[in-house]
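The points can be checked one by one against the model.

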Amino acid sequence: MNPPVPPDTRPSTSTTTSAPPRPWRLSVVVPACNAVDTLPATLATLVRLPGGAPDEIIVVENGSDDGTWELLEKIQKEWQEEPRLIALRSEKGIGSAYRAGVGVSSGDRVLLTADDLPFGASDVEAVLACRSMPRFAIGSKAHVRSRVRRTRLRRIATRVFRIARHLLIGLDVGDTQGTFVIEGSLARRLVAETTIPGFGMTTELVALATRHGDDPVELPVALQQRPGASRIRWVPDSTAMMLDLLRLRRRLGRRGRDRTTVLPPRL
């Protein structure tokens, strides 16, 4: 059974309704690797987020070989939209990109997403629907109200990694590969403590949050990608993520069940 949910963090509306105005400054961090085909549409969506445009969009190119950096430079030069657009480069890997982007962010809240916006704007809608803001929110594919279509292979892999996270580092969060909306000062503090360069950094981030007592809240999202459209390379990326879990075991050890909150399907 899921742990009890504090009443003031429950969503007050469905994530399909129009979102209320956002009362906090938002920084969006977008790691971009081989994103020539997705970046323009992603930026167009970000300037029309529920609750209003973010205050800054930070795009961090990391190890592309398809001209993503050149495209980003061109977009930034011609940028005339309301939010500030910051273009950065980092070492290869989503973890490296998040550290670079969060390190220069200034918002009251920081959205960590991907260059293809896998959940569209449904993660931001879910946060805005909460009666009060969770300090650390995860747009979670594992939430029972999330609208997700995945291949059988992806479902099996998700289950395997969830079991591995529990056994190796005592982490019972449903989805550590989602998107994140985190209080700005907390995001900058936690992300600076991470060390993993690749996909495993998001698991590291969640583990550090639970160990600091900043318990994540998982929120429902709607996956926009077609089944099988993920750019994850199953063998090398899955191997790397499992090795990252072993490194986290050595670094953090294993503790009891975390207190990650999953909002209930019916209120």
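**Notes on charged and aromatic contacts**

1. Arg-84 has a relative accessible area of 47%, so this residue is classed as partly exposed. The model is a predicted one. Arg-84 forms a salt bridge with Glu-56, and the closest N and O atoms are 2.5 Å apart. The two residues come from distant parts of the chain: Arg-84 belongs to strand β3 (residues 84–90) and Glu-56 to strand β2, 28 residues apart. Glu-56 counts as buried because its relative accessibility is 1%, under the 20% limit for that class.

2. A second salt bridge joins Arg-89 and Glu-61, with 2.9 Å between the closest N and O atoms.

3. Asp-214 sits in the loop between α7 (200–211) and β7 (217–220), whereas Arg-189 is in helix α6 (residues 184–193); the two are 25 residues apart, and the pair links distant parts of the chain. Asp-214 is buried, given a relative accessible area of 8%, while Arg-189 is partly exposed at 36%.

4. Asp-214 and Arg-189 are also members of a network of salt bridges, together with Arg-135 and Glu-183.

5. The structure holds 1 aromatic pair. Its partners are Phe-136 and Phe-180, whose rings lie 5.6 Å apart from centre to centre. The planes are at 85 degrees, so the pair is edge-to-face, the class for angles over 60 degrees. Phe-136 is in strand β5 (residues 136–140) and Phe-180 in strand β6 (residues 179–183), so that the pair links parts of the chain 44 residues apart. Phe-136 is buried, with a relative accessible area of 0%. Phe-180 likewise counts as buried, at 0% relative accessibility.

6. Which residues form the negative surface patch? They are Asp-37, Asp-65, Asp-66, Glu-70 and Glu-73. Asp-65 is located in the loop between β2 (56–62) and α2 (68–78). Why does Asp-65 count as exposed? Its relative accessibility is 68%, and the exposed class begins over 50%.

Definitions and conventions
Residues are numbered from 1 along each chain as its sequence is written. This is a predicted model: local features need pLDDT of at least 70, side-chain atom pairs count only at pLDDT 80 or more; totals for chains, interfaces and linings use all residues. Side-chain values use heavy atoms; hydrogens and water are left out. Patches are made of residues with over 30% relative accessible area and no salt bridge: like charges are joined within 9 Å, nonpolar side chains (Val, Leu, Ile, Met, Phe, Trp, Tyr) within 5 Å. Accessible areas come from the Shrake-Rupley method with a 1.4 Å probe; for residues, only the protein chains shown count as cover. A salt bridge is a side-chain nitrogen of Lys or Arg within 4 Å of a carboxyl oxygen of Asp or Glu. Lys and Arg count as positive and Asp and Glu as negative; His and the chain ends are not counted. The place of a charge is taken as NZ of Lys, CZ of Arg, CG of Asp or CD of Glu. Helices (H or I, at least four residues) and strands (E, at least two) are DSSP runs, numbered from the N terminus. Buried means under 20% relative accessible area, exposed over 50%, partly exposed in between (1.4 Å probe, protein chains only). Rings of Phe, Tyr and Trp (its six-membered ring) pair if their centres lie within 6.5 Å; planes under 30 degrees apart count as stacked, over 60 as edge-to-face and the rest as tilted.
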